[in-house]
Amino acid sequence: MEDRTRRLEAALKGRGSAGILIHKPSNMFYLSGFTGEGLLVLAPGIRAIVTDFRYVEQARQQSPGFAVESVSPKVSHAQIAARLLRDAGLGKALYEDDEVTVRDAARLSAALGDIALEALDMAPEALRRVKDAQELALLEKANDISSRAFEEICGVIKPGMTEIAIRRALEDLLLDFGSQAAAFHTIVASGPNGSLPHAIPGERRVQEGDMVTLDFGAKYGGYCADITRTVSVGQPGAEMAKIYAIVQEAQAACQDALAPGKPCREVDAIARKIIGDAGYGDMFGHGLGHSVGIDIHEEPRLNQTSTDVLEPGIVITVEPGIYVPGLGGVRIENTCVVTETGARSLAGASRDLRIL
């Protein structure tokens, strides 16, 4: 963790002598290992976690290289941060203006007094784009758990099961195989509900011939997996089988196109051409993919407006889909890591159509 805080300070050296205030939970975890609530204060000679009684012991256990300061009814997080920065002789603090509310920013400014506040401009997230070996190992494990859970759930799904029952069974499998939690709200979309990219599992019962989209992921060591598979309960209809083949082609082509130096928008364009040429362009309305790590959605992203370029160590999803209102939908997603020569998928589950 010390290496990460040093790299952050080095990246911000051009901003002059300043303290760094971290409020975002994912950035606190990345920089310190702390998973509780509070505030991280970084500056030359300062590595401090400001928290409350509930998390003091936890912070000391998780972040042995950090001093732990506890708030009280009379002393707030902002006031402790102000004291630490004043003691260090600093006149400026960089903070996460994308995380702190307007009200809390006003309180922070009042506590800091003559210490100027400036936006941190998502500098920690810029460091988090490229994953190190430890992070990749955790992501690989999370994806392995997810692939194992997919294989098992395929033996569970039957006609008559509700979407919410499938969700419950799938998340139980994730936990059984070692996940600390679901990485996000699991999506189970059956039959016509498959046309909703972010469908909420409900009481609809799966019927013979339904396509069922499963979008889920394990969380392991604080890192998220993201995988989507669409299966068929019995033989699918002709159009849904055709749609599956188109999405599978688009997903494979885009995954194969991932490589260092590749503009993100160019990878996205491959999927749009394949799906558009097949006559379903208006039914693929979301971006092709997003980076994933501590948060389920990180930067960079594969979409039509991205100006980012891929580089080794970026972990990113490739998830084209086609969604036809009243009929259903198909999405296939792998989480991939960009390597020195191309990319590889972290998801071991087959992308071929599974007929249950």
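Modeller: A salt bridge, as the word is used here, is a side-chain nitrogen of Lys or Arg within 4 Å of a carboxyl oxygen of Asp or Glu. The model is predicted, so local features need pLDDT of at least 70 and side-chain atom pairs count only at pLDDT 80 or more, while totals for chains, interfaces and linings use all residues. Residues are numbered from 1 along each chain as its sequence is written, and side-chain values use heavy atoms, with hydrogens and water left out.

Colleague: Fine, then what makes E298 and R128 a salt bridge?

Modeller: Their closest N and O atoms are 2.7 Å apart. The cut-off is within 4 Å, so the pair qualifies. E298 sits in strand β14 and R128 in helix α6, so this pair ties together parts that are 170 residues apart in sequence. Helices (H or I, at least four residues) and strands (E, at least two) are DSSP runs, numbered from the N terminus. Both E298 and R128 are buried, where buried means under 20% relative accessible area, exposed means over 50% and partly exposed is in between (1.4 Å probe, protein chains only).

Colleague: How many salt bridges does a search of the whole structure find?

Modeller: The search finds 25. R47 and E9 form one of them, at 3.1 Å from N to O. That pair links distant parts of the chain, with R47 in strand β3 (residues 46–51) and E9 in helix α1 (residues 2–11), 38 residues apart.

Colleague: Why do R47 and E9 get their accessibility labels?

Modeller: R47 has a relative accessible area of 14%, so it counts as buried. E9 comes out at 23%, so it counts as partly exposed.

Colleague: And D210: buried or exposed?

Modeller: D210 is buried, because its relative accessible area is 8%. Its side chain meets that of R204 in a salt bridge (2.7 Å, N to O).

Colleague: Over to S63. Why is S63 called buried?

Modeller: S63 has 1% relative accessibility, so it counts as buried. You'll find S63 in the loop between α3 (56–62) and β4 (67–70).

Colleague: Which residues does S63 touch?

Modeller: Leaving out residues up to four places away in sequence, S63 touches S32, G33, F34 and I49; a contact means heavy atoms within 4.5 Å.

Colleague: How do you know that S63 and S32 make a polar contact?

Modeller: The backbone oxygen of S32 lies 2.8 Å from a polar atom of the S63 side chain. A polar contact is a pair of N or O atoms within 3.5 Å; within protein, one must be able to donate a hydrogen and the other to accept it, and residues adjacent in sequence count only if both atoms are side-chain atoms. S32 itself is in helix α2 (residues 25–32) and, at 2% relative accessibility, counts as buried.

Colleague: Last one: what makes D121 stand out in its phi?

Modeller: D121 has a positive phi of about 60° although it is not a glycine. Most residues other than glycine have a negative phi. D121 is exposed, because its relative accessible area is 55%.
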